[in-house]
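Hi there,

Here is the structure I promised to pass on to you.

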Amino acid sequence: MTEEAFDVVVVGSCMTDLVSQAPRLPKAGETIHGHKFFIGFGGKGANQCIQAARMGAKTAMVCKVGKDFFGENYIQNFKDNGVDPSFLSSSFRSVTSAFVTSAGENAIVIVAGANLLLGGEDLQQALPALSHAKVLVSQLEVSPDTSLQALRLAQENNVKTIFNPAPAIPDLDPDFYRASVVFCCNESEAELLTGVAVATVEDAGHAGQELLRRGCRSVIITLGSQGCVVLSGQEPSTGLHHVPAKPVTAVDTTGAGDSFIGALAFYMATFPTMPLQEMVSRANQVAGVSVQKIGTQASYPYKKDLPNNLF
Ligand code: ATP
């Protein structure tokens, strides 16, 4: 392993969230006054990378940002969080999502722009990082072909992979299952992929078994306040393990799934011999801290905010 080796490399998306809060949503053709505006950093890939970095992992992000104010701002956000931006490139297409929110409701427009231009050439440029990483993470907010290519490159180089099929798409290429060391999704993604309605831990077990049958080595299905279920293809006879989350007072669960995956990537890279169930139990606790604060990345804990027994 060279000095350049990263603990966690994420191939994925970043988005700048432009959020306006208003008493209600405007109707078509209407202009209304809002009371608050803020800019947030989002995108599933970037969220996961930043959570892993805040826990102390040496991280790099392979992504594309717009060649504009939002892109520059995002690059600074990566630097501020200790994420290596060397494998990031810019394109002329911007990357924003505009939200209007009112109490309990929101309307969102996403312009994925540059994210969809991330491709094979970018992966080749990032190959020195990808091929020496301890863990590679990818999702589906960039082109599925790019995500799958990243997973295959990692597999060829014996790099552990976490694949997060979010947002889920029907008819996922079967190679995604086979290229994932850990296949981690939430209940609605599990449902869309398997056709098994997931409302309980037992249902999640059934959906997980189906995902194992499709070739995943391990499956994690997150279940919000119920924690998650873990299934391993190596011990099919022992079935599923439910790893409950500790009860907390949740104020905003946005991005909890990404906090969980970022923490899991940190544990897989830092404690390679730790049993998956233990990593998942700790990742539950990290994500449980994130739901107690408002915001997505703004709510993600740093190492200093977490108890020593999580390290
Ligand atoms: P998002 O799409 O908002 O990122 P998600 O649906 O992908 O979220 P969830 O299953 O809601 O992800 O949550 C991920 C993890 O976060 C859970 O497995 C759990 O560890 C933690 N978590 C989420 N909600 C709560 C909660 N209310 N109380 C405690 N822990 C929670």
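**The ligand and its surroundings**

An oxygen atom of the ligand sits 2.9 Å from a polar backbone atom of Gly257. Before I go on, please keep in mind that this is a predicted model, in which local features need pLDDT of at least 70 and side-chain atom pairs count only at pLDDT 80 or more, while totals for chains, interfaces and linings use all residues. Residues are numbered from 1 along each chain as its sequence is written, and side-chain values use heavy atoms, with hydrogens and water left out.

A backbone N or O atom of Gly227 is 2.9 Å from an oxygen atom of the ligand, and a polar backbone atom of Ala256 is 3.3 Å from a ligand oxygen. On its own the ligand would expose 630 Å², and the protein buries 83% of that; accessible areas come from the Shrake-Rupley method with a 1.4 Å probe, and for residues only the protein chains shown count as cover.

The shell around the ligand holds 20 residues, and the closest are Thr222, Gly224, Gly227, Gly257 and Asn284. By class, the shell has seven nonpolar, 11 polar and two charged residues. Here Ala, Val, Leu, Ile, Met, Phe, Trp, Tyr, Cys and Pro count as nonpolar, Asp, Glu, Lys and Arg as charged, and the others, Gly among them, as polar. Helix H9 (256-270) and helix H10 (276-290) each supply at least two residues of this shell. Helices (H or I, at least four residues) and strands (E, at least two) are DSSP runs, numbered from the N terminus.

**Salt bridges**

How many salt bridges are there? The count comes to nine, where a salt bridge is a side-chain nitrogen of Lys or Arg within 4 Å of a carboxyl oxygen of Asp or Glu. One of them joins the side chains of Lys64 and Asp122, at 3.0 Å from N to O. Lys64 belongs to strand E4 (residues 59-66) and Asp122 to helix H3 (residues 120-125), so this pair ties together parts that are 58 residues apart in sequence. Lys64 is buried, at 11% relative accessible area, and Asp122 is buried with a value of 11%. For these labels, buried means under 20% relative accessible area, exposed over 50%, and partly exposed in between (1.4 Å probe, protein chains only).

Asp175 and Arg152 form another salt bridge, with their closest N and O atoms 2.5 Å apart. This pair links distant parts of the chain, with Asp175 in helix H6 (residues 175-178) and Arg152 in helix H5 (residues 144-156), 23 residues apart. Asp175 is partly exposed at 23%, and Arg152 is partly exposed at 33%. Through shared partners, salt bridges join Arg152, Asp175 and Arg178 into one network. Glu210 and Arg214 also meet through their side chains, at 2.8 Å from N to O.

**Backbone and surface details**

Where is the cis peptide bond that I would look at? It joins Ala166 and Pro167, with omega about -5°. Pro167 lies in the loop between strand E10 (160-163) and H6. That loop between E10 and H6 also holds Asp171, which has a positive phi of about 55° although it is not a glycine. Asp171 is exposed, at 79% relative accessible area. Asn158, in the loop between H5 and E10, has a positive phi near 55° and is exposed at 73%.

On the surface, Phe37, Ile39 and Phe69 form a nonpolar patch with about 320 Å² of accessible area together. Patches are made of residues with over 30% relative accessible area and no salt bridge, with like charges joined within 9 Å and nonpolar side chains (Val, Leu, Ile, Met, Phe, Trp, Tyr) within 5 Å. Phe69 is part of helix H2 (residues 69-80) and is exposed at 52% relative accessibility.

Best wishes

Key
Near = heavy atom within 4 Å. Polar contact = N/O pair within 3.5 Å; in protein donor to acceptor, adjacent residues only side chain to side chain.
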